[in-house]
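Let's take a walk through this protein model together.

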Amino acid sequence: MEPYAQADTPDRRGDLPPSLPPQDLSTSRDDATSRATATPQDRATPQHRAASARDFRLFWWANAADALGTQASGVVLPLLLLSLGHSAQTAGLVAGLSLGAGILFGPLAAVPADRGARKAIMFWSAVVSALALGSVALALALGHLTLAHLLGAVMVERFATACHEAASRGTVALVCPPDEQPRAVARLGAADQGALILGPALGGAAYQVSRALPFVADAVSYAVAACCVRAMRTDLKAQDAAPPGGGLLREAAAGLRLVRRQPLLRLVLVWTTLVNGAAVALYYAAVFALERSGAGALPLGAVLAVSGAAGLAGSLAAPRAAERVGAARLLTAVTWLLVPLTAALATAAGPWAYGALLGAVCLLVPLPAVVLQARVLLVTEPALQARVGAVLATASGGAAALAPVLAGLLADQVGTAAPAVGCAALLTLLAAHTTRRAHLAEAAA
């Protein structure tokens, strides 16, 4: 339900905010997974290939519908709260809690998914999300929506989404032969970015017609996703799934232990967490500023759509940029460039200015994000990649959960320019830290 929560990170399917999913990263992750988990698709006959193509189409539609609905409803959530008479601080608190409801469960949900419950988790999480968002739409239509109801529904939806994200990791490797996986992952990435571009604009337009309509659309999207997952025939169980051992918490913590041992993983953790948190804070700062200036949902949706298009362009350009510039120099340069762009948002006025500056930020962030995540795969054994990804997603998700709360507090108590000023200061510290550590990205190549 939250837009823009992936600025780093993972994409919604795997793990580095809602907003800038790098296609090359996902391809590498699924390629690595496919090498570690030999499936019947590796020896696919024409009949098996036809069946896998059908299952992939269902999986693609499930993810595309889910992403489109999430972006459509998420963009209007803060506007709904403000229209109901709540403050920007309350809107930020609800957005933060909605993200925080799920961030602690990703690493735990990854364990039963690895044990073979991937399909069941994806199906039931979509069903629960559809019911939660449907209840919000119904209460709005009847005029009886309370803050407690909205907060509870959003938290349930985010918890279910966290389970879905954890369970869906590695699905491409199980439904597609290895030679088709790069194209499959590219199509999934295109669907996510397309939803990021179209969803906010559709959500803003729907909100102008009826405040309940974006939430109806999101509930329907989850129902479509559940039906598509249910119709998949592939077992979705990795053949070499590890047997239970050591307890759920100890198994889930294996990824955290590896992150603590690896300097590169620690750098990725710090960079993605802070950049993701800053991106989410800047988005909500733009929401609060545009709302106070009298701009409606449609201009806000257009701003987010521009940012999504810029993120798509940055993702596509990232591999070539890394080859020409070098991983370390690219990481350092982009981090420093984010500082003046963020500071400039403190003086922005109007949708055009916010769209241009947020678009520039979204264009730059994927460039080093793709490189960092590709390096993660080089230092992570295949059996731990899902859990390491869950650790990184949990950290960046925690920052995304806290960012709206702080942005709302600063906007209410200091002014709408305060979140951008704070983010600029934070990114300055990150740029200094990255300058000292950027050589790790080259060393891992």
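This is a predicted model: local features need pLDDT of at least 70, side-chain atom pairs count only at pLDDT 80 or more; totals for chains, interfaces and linings use all residues.

Residues are numbered from 1 along each chain as its sequence is written, and side-chain values use heavy atoms, with hydrogens and water left out.

The chain has 19 helices and zero strands; helices (H or I, at least four residues) and strands (E, at least two) are DSSP runs, numbered from the N terminus. Of its 445 residues, 59% count as buried, where buried means under 20% relative accessible area, exposed over 50% and partly exposed in between, with a 1.4 Å probe and protein chains only. One buried example is Gly-74, at 0% relative accessibility, which is found in helix H2 (residues 46–74). The C-alpha atom of Gly-74 is separated by 8.1 Å from that of Gly-203, 129 residues apart along the chain.

Now look inside. A nonpolar core is a set of buried Ala, Val, Leu, Ile, Met, Phe, Trp, Tyr and Cys residues joined through side-chain atoms within 4.5 Å. The largest one has 88 residues, and those that touch the most other members are Leu-150, Phe-215, Trp-271, Phe-288, Leu-338 and Tyr-354. Helix H12 (residues 263–292) gives the most to this core, with 17 residues. A second, separate core of 23 residues includes Ile-121, Cys-163, Leu-188 and Met-232.

Follow H12 to one of its partners, helix H15 (residues 351–364): the two pack at an angle of about 175 degrees, with their axes 11 Å apart. Axes here are lines fitted to C-alpha atoms, for helices over the stretch in contact, and angles run from 0 to 180 degrees between N-to-C directions. Therefore H12 is roughly antiparallel to H15, a label for angles over 145 degrees. Leu-282, Ala-286, Ala-289 and Leu-290 in H12 meet Pro-351, Tyr-354 and Leu-358 in H15, where contact means heavy atoms within 4.5 Å. By class, this contact has seven nonpolar, no polar and no charged residues; Ala, Val, Leu, Ile, Met, Phe, Trp, Tyr, Cys and Pro count as nonpolar, Asp, Glu, Lys and Arg as charged, and the others, Gly among them, as polar.

Conventions:
Angles under 35 degrees count as roughly parallel, over 145 as roughly antiparallel, 65 to 115 as roughly perpendicular and the rest as oblique.
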